[in-house]
Amino acid sequence: QVQLQESGPGLVKSSQTLSLTCTVSGGSITTDYYYWSWIRQPPGKGLEWMGAINGAGSIYYSPSLKSRTSISRDTSKNQFSLQLSSVTPEDTAVYYCARQEAIATIRYDSLGQGTQVTVSS
């Protein structure tokens, strides 16, 4: 059974870059069938799909976040990462990494426990 664990700072200052890493166990991020994704949930709002990387290393971004988002991976560590630049307090959210069977959706196969990131003004 695949498990995902997010890690990274819980507090980021406005205008800085938010950086998170997802460590995957029980499954390889190079598996062709799945997408390895980032999803977030701002307080009081629904889940928002941010972007994903597939087993071949192709990367997909939400159009609304594309200009500020970068997703990468380290296959030797079975990890993938998120960077979100120029953050504002509106980027405060619980950030999840997930394994999905399709992109641009909030449906997931497996989900990390989530990590709270607060952006201070």
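Cysteine 22 counts as buried, at 0% relative accessibility. In this predicted model, cysteine 22 is joined by a disulfide to cysteine 97, with an S to S distance of 2.1 Å. The chain comprises 11 strands and zero helices.

**Disulfide**

- The count of disulfides comes to one, and the pair concerned is cysteine 22 with cysteine 97.
- Cysteine 22 belongs to strand E3 (residues 18–25) and cysteine 97 to strand E9, so the link ties together parts that are 75 residues apart in sequence.
- The link of cysteine 22 and cysteine 97 is right-handed, with 65° about the S-S bond.
- Cysteine 97 has a relative accessible area of 0% and is therefore buried, the cut-off being under 20%.

**Strand E9 and its partners**

- Strand E9 spans residues 93–100, and seven of its eight residues are buried, so the strand is largely enclosed by the rest of the structure.
- Strand E4 (residues 35–41) and E9 run antiparallel and are joined by seven bridges; within this pairing, tyrosine 35 stands opposite glutamine 100 of E9.
- Strand E11 (residues 115–120) is also antiparallel to E9, with three bridges between the two; here tyrosine 95 has threonine 115 of E11 as its bridge partner.
- Strand E10 (residues 110–111) is joined to E9 by two bridges, again in antiparallel orientation; arginine 99 has serine 110 of E10 as its bridge partner.

**Aromatic rings**

- The count of aromatic pairs comes to five.
- The rings of tyrosine 33 and tyrosine 34 form an edge-to-face pair, because their planes stand at 85°, and the angle for this class is over 60 degrees; their centres are 4.9 Å apart.
- Tyrosine 34 has a relative accessibility of 17% and therefore counts as buried.
- Tryptophan 36 and phenylalanine 80 form a tilted pair, with 6.2 Å from centre to centre and 55° between the planes.
- Ring pairs link Tyr33, Tyr34, Trp36, Trp38 and Phe80 into a cluster.

**Chain as a whole**

- From the N terminus on, the order of elements is β-β-β-β-β-β-β-β-β-β-β.
- The radius of gyration of the chain is 13 Å, close to the 14 Å that the globule rule gives for 121 residues, so the chain is as compact as a globular protein of that length.
- Taken along the principal axes, the C-alpha atoms fill a box of roughly 40 × 25 × 25 Å.
- Buried residues make up 40% of the 121 residues of the chain.
- Among contacts in the chain with a separation of 6 or more, 56% involve residues 24 or more positions apart.
- The chain exposes about 6,100 Å², of which carbon and sulfur atoms supply 46%.

Methods
Residues numbered from 1 in each chain as written. Predicted model: local features only at pLDDT ≥ 70, side-chain atom pairs only at ≥ 80, totals over all residues. Heavy atoms only, no water. Buried < 20%, exposed > 50% of the residue type's maximum accessible area, 1.4 Å probe, protein only. Helix = DSSP H or I, 4+ residues; strand = E, 2+ residues; numbered from the N terminus. Pairing = 2+ DSSP bridges. Disulfide = S-S within 2.5 Å. Rg over C-alpha atoms; globule rule 2.2 N^0.38 Å. Contact = heavy atoms within 4.5 Å. Areas by Shrake-Rupley, 256 points an atom, 1.4 Å probe, with all protein chains shown as cover. Phe/Tyr/Trp six-rings, centres within 6.5 Å; stacked < 30°, edge-to-face > 60°.
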